[in-house]
Amino acid sequence: MIYLDNAATTKTAPEVVEAMLPFFSEYYGNASSIYTLGAASKKALNQARRTLADCLGAKPEEIYFTAGGSEADNWALKAAAEAYKEKGKHIVTTRIEHHAVLHTCEYLEKQGYEVTYVGVDEKGIVKLEELEAAIRPDTILISVMYANNEVGTLQPIREIGEMARQRGILFHTDAVQAFGQLPIQVDELHIDMLSASAHKMNGPKGVGCLYIRSGLKLRSFIHGGAQERSRRAGTENVPAIVGFSKAVERAVRVMPEKIRKETELRDYLIHQIYGKVPYCRLNGDPQRRLPGNVNFSFAFIEGESLLIMLDMKGICASSGSACTSGALDPSHVLLAMGLSHELSHGSLRLTLSEENTREEMDTVAESIAEIVGRLRAMSPLYEDFVKSEGKIGAGKDIGKKEP
Ligand SMILES: *Cc1c(COP(=O)(O)O)cnc(C)c1O
């Protein structure tokens, strides 16, 4: 098997699993209890909070553990909207956010908030002038993701942070794809709230955190006990939090080597695909992207067919299209980047880890070339396109003919 879907989730690192195990069967005490057993859990929690804070250049009391990235996004947006509604009811975000942000914004629109969805350029980078123009006197929150989960593009977070800070507007970033992959310092970037998730960085599933800058008066997300300084009730998931912390420790340790290795493999794979498959295009910025992200569109190809045939060869990948209620939607990210409906359907996302090898990249590129060739051979549209020498059809806005 060749696993190339690390943007969907990652393998839990063995040292992470090992660190978690004692907190199931040995140190299972409730962290809020008085006896010594509970104190072990409490100590582990405090340590984890410090590790997370150190990684972001934050204070431990600014870290709130959640059940993952989606919860952190929901909390940040809904709580900020409620806390600042006297000042205004306008939110600025982008058209390429994760659904955890987009669907929360849609919910807030139903509650009477106004949301401006700022566009991106053809590389998938947020248009700063458009963002600046969207800001109004009643804007209370700007939410822009750190790195896009489909095309890997890195956003101008520092510039947006400065823009928000100068105007006294809160700035939230969904950093789920970037946290643990790239160094992030919340003060330097003027970030007020940041969402992260453990399972995207070799930690366990179902745990994440929201960084909330101290001084922000945000309401509780879950009402109940006094856990997480009374803002997120519920007995702490100590094993998962310990695992998250271990994953962060590990990520900080391996980061430079991981970035170097993944970048090299990524560029090698891009080169191989360009060399073997005609009429394809790399989506996103060639340089300004996550080290492990490769995203291609292939003219005349349905992403889903490609995925199924890759799976038969033991290759795990993903397409931009999301399957909702049986209908296949083209990727909202690729559409926002200006791709045609055809090309937005024909995309393939390959997200690498530092465990992948060059040999695997060769196998994957060869498999893609073979499958794309086979699928196109069955396509009447492709036949017409070839006959017309590229003058018609979905291939007209796509790369060169000869590999
Ligand atoms: C995966 C992901 C999320 C959701 O995180 P979960 O921990 O799975 O809830 C949110 N935003 C981005 C950008 C993601 O990639």
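## Before you start

This is a predicted model, in which local features need pLDDT of at least 70 and side-chain atom pairs count only at pLDDT 80 or more, while totals for chains, interfaces and linings use all residues. Residues are numbered from 1 along each chain as its sequence is written, and side-chain values use heavy atoms, with hydrogens and water left out.

## Around the ligand

Let's begin with the ligand. Helices (H or I, at least four residues) and strands (E, at least two) are DSSP runs, numbered from the N terminus.

A side-chain N or O atom of aspartate 174 is 2.7 Å from a nitrogen atom of the ligand. For serine 197, a side-chain N or O atom is 2.6 Å from an oxygen atom of the ligand. On its own, the ligand has 380 Å² of accessible area, and the protein covers 87% of that (Shrake-Rupley method, 1.4 Å probe).

Seven strands make an open sheet with mixed pairing, in the order 2-8-7-6-5-3-4. Two strands pair if DSSP finds at least two bridges between them. At the edges stand strand 2 and strand 4 (114-118), each pairing on one side only. On average, neighbouring strands are turned by 20 degrees against each other, direction ignored; the axes are lines fitted to C-alpha atoms, and angles run from 0 to 180 degrees between N-to-C directions.

Look inside this sheet at strand 7 and strand 8 (residues 208-212), which pair in the antiparallel sense over five bridges. Leucine 194 stands opposite tyrosine 211 in strand 8.

Another open sheet has three strands in the order 9-10-14, with antiparallel pairing. Strand 9 (280-282) and strand 14 (347-351) are at the edges with a single partner strand each, so one side of each has no neighbour in the sheet. From one strand to the next, the twist averages 25 degrees.

Strand 9 is joined to strand 10 (residues 293-298) by three bridges. Leucine 282 has phenylalanine 296 in strand 10 as its bridge partner.

## Rings that meet

The structure holds twelve aromatic pairs. Rings of Phe, Tyr and Trp (its six-membered ring) pair if their centres lie within 6.5 Å; planes under 30 degrees apart count as stacked, over 60 as edge-to-face and the rest as tilted. One of the pairs is phenylalanine 65 with phenylalanine 244, edge-to-face at 6.4 Å centre to centre and 70 degrees between the planes. Phenylalanine 65 belongs to strand 2 (residues 63-66) and phenylalanine 244 to helix 9 (residues 238-276), so the pair ties together parts that are 179 residues apart in sequence.

## Two loop residues

Histidine 190 has a positive phi, near 55 degrees, in a residue other than glycine. Its place is the loop between strand 6 (170-174) and strand 7 (193-197).

Conventions: Polar contact = N/O pair within 3.5 Å; in protein donor to acceptor, adjacent residues only side chain to side chain.
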